[in-house]
Structures are given as structure tokens and as C-alpha cells.
Amino acid sequence: MAKLLVPVQKLVVRQTLWISVVVGLTSIVSAQLIGGAFDKYSRKLLLLIPYMGCLVGNLICVVIAGFPSASTELLYLANAITGATGGWVAFK
């Protein structure tokens, strides 16, 4: 049993690492663009962009959890959407 867990743990760690890279890089780039728009336009209206992105990303994660046959690569899509819309970086 323990021998089986080691490859699974390595796979999970690797996938978590790449998911973090995807959301981190996309949110850093998009937060710079959204930050400039915050100064130019209504801050309250533009805060809807990151909120909606996080909502869509989390809904995709719920779908993945609800359907075990769904591909785990959809997690990359969910986090890319979250990051592209500013992610958690836009909230700080």
C-alpha cells in the first residue's frame, strides 16, 4: 500500500505545482492590466471581473469533483480562468 502512495503523491505534488504556476503567472500579468483600469474607471465595477473569474473557476472545480470521469486537466483551465481575470492578486 505504501509503495502505491509514493507515485500518487508525486503526481499530486507535480500537478499542484503546475496549477500554482498557471494561476500565479496569469494573475500577475492580468492584475497589472486590471490595476491600470482600476485607476482609470470605476473601481467597484471592475472588481466584478476578478469575482466572476473566481466564481467560474470554482464552478469548474465543483463540476470536476461531481463527475469523477472528468479530466483533471480541467483544473488547469479553471485556474487559468481565475488567474486571467486577476485572481486573488486583484483583491489585495
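Trainee: Which residues in helix 3 meet which residues in helix 4?
Mentor: This is a predicted model, in which local features need pLDDT of at least 70, side-chain atom pairs count only at pLDDT 80 or more, and totals for chains, interfaces and linings use all residues. Residues are numbered from 1 along each chain as its sequence is written, and side-chain values use heavy atoms, with hydrogens and water left out. Helices are DSSP runs (H or I, at least four residues) numbered from the N terminus, and contact means heavy atoms within 4.5 Å. Gly-53, Cys-54, Val-56, Gly-57, Ile-60, Cys-61 and Ile-64 in helix 3 meet Leu-74, Leu-75, Leu-77, Ala-78, Ile-81 and Thr-82 in helix 4.

Trainee: Is helix 3 roughly parallel or roughly antiparallel to helix 4?
Mentor: Axes are lines fitted to C-alpha atoms over the stretch in contact, and angles run from 0 to 180 degrees between N-to-C directions. The axes of helix 3 (residues 48-66) and helix 4 (residues 74-84) come within 7 Å and cross at roughly 170 degrees. Angles over 145 degrees count as roughly antiparallel, those under 35 as roughly parallel, so helix 3 is, relative to helix 4, roughly antiparallel.

Trainee: Is Cys-54 buried or exposed?
Mentor: Buried means under 20% relative accessible area, exposed over 50%, and partly exposed in between (1.4 Å probe, protein chains only). Cys-61, at 28%, is partly exposed. Cys-54 has 5% relative accessibility and therefore counts as buried.

Trainee: How many disulfides does the count come to?
Mentor: A disulfide is a pair of cysteine sulfur atoms within 2.5 Å. By this rule the count is zero.

Terms used
Helix = DSSP H or I, 4+ residues; strand = E, 2+ residues; numbered from the N terminus. Parallel < 35°, antiparallel > 145°, perpendicular 65-115°, else oblique.
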